[in-house]
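Please read the following report alongside the sequence and the model, taking the charged side chains and then the sheet.

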Amino acid sequence: MRILLVEDEVRLAEAVRRGLEAEEFAVDLAHDGDTGLRLALTEQYDAIVLDILLPKMNGFRVCAEIRAADNWTPILMLTAKSGEYDLAEALDTGADDFISKPFSYVVLVARLRALIRRGSGNRGPVRRVGALSLDPAARRCERDGTEIQLTPREFALLDTLMGRSPDVVAKADLLDAVWGADSELDPNVVEVYVGYLRRKIDDPFGTSMLQTVRGVGYRVASD
């Protein structure tokens, strides 16, 4: 598996690179945003580890530019900053996960492996709920014959909901299934991603399939 690591702290970058290589990852390094963006758009990676506070171009902009180029490689953002606004901006620009420095190396590797697994998808059957279909093998989502582009995390969330449709799935269960039981993220991240999904699978079509059951959770249903 090939990883792009974009981190301006040289000693930290080298330490993370050595650790990932010990786990049998191949790692390319970039120490500024411009170089990181160029590599992300010209090379093929299984995942990108992206710092936020970078010279030349910050990580938020790098992430946004990657997504604007229709590149959906899973992105894990690193930052020395903390707080809900940093998390919200990272997610808004298209990142799939977020971890604050100082971080546990074990957690970093676990999160990275989980992102890659979800990004590559499983080979399960095509899921269908009404006019909405999700093909895990082809990484393809459609509604009424219109293809919908999803990030790996959005895809995993929709896959979980459709796999249990028409049942309601609790927010805590979605957090465990999509982000992992050891996730340090606030459970409200589920609401953020439900909002992202609604803007893609519901808003353009005029009817809501992704439904909120207040006090219980969420479900995808055709009615």
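Glu147 has a relative accessible area of 38% and counts as partly exposed, a class lying between buried (under 20% relative accessible area) and exposed (over 50%), calculated with a 1.4 Å probe on protein chains only. This is a predicted model, in which local features need pLDDT of at least 70 and side-chain atom pairs count only at pLDDT 80 or more, while totals for chains, interfaces and linings use all residues. Residues are numbered from 1 along each chain as its sequence is written, and side-chain values use heavy atoms, with hydrogens and water left out.

The side chain of Glu147 meets that of Arg140 in a salt bridge, a term that stands for a side-chain nitrogen of Lys or Arg within 4 Å of a carboxyl oxygen of Asp or Glu. Arg140, which is partly exposed at 35% relative accessible area, also forms a salt bridge with Glu142.

Arg61 and Glu65 both belong to helix 3 (residues 59-68), where they are four residues apart, about one turn of the helix; helices (H or I, at least four residues) and strands (E, at least two) are DSSP runs numbered from the N terminus. Both residues are partly exposed, Arg61 with a relative accessibility of 47% and Glu65 with a relative accessible area of 33%. Elsewhere, a network of salt bridges links Arg2, Asp28 and Glu43.

Turning to the sheet, four strands make up an open, antiparallel arrangement in the order 6-7-8-9, two strands being paired if DSSP finds at least two bridges between them. Strand 6 (127-129) and strand 9 (146-148) are the edge strands, each pairing on one side only. From one strand to the next the twist averages 20°, where axes are lines fitted to C-alpha atoms, for helices over the stretch in contact, and angles between N-to-C directions run from 0 to 180 degrees.

Strand 8 (residues 140-143) is joined to strand 9 by three bridges, and the two run antiparallel; Cys141 stands opposite Ile148 in strand 9. Helix 6 (residues 152-163) packs on the sheet and touches strand 6, strand 7 (132-135) and strand 8, its direction making about 115° with that of strand 7, with contact taken as heavy atoms within 4.5 Å.
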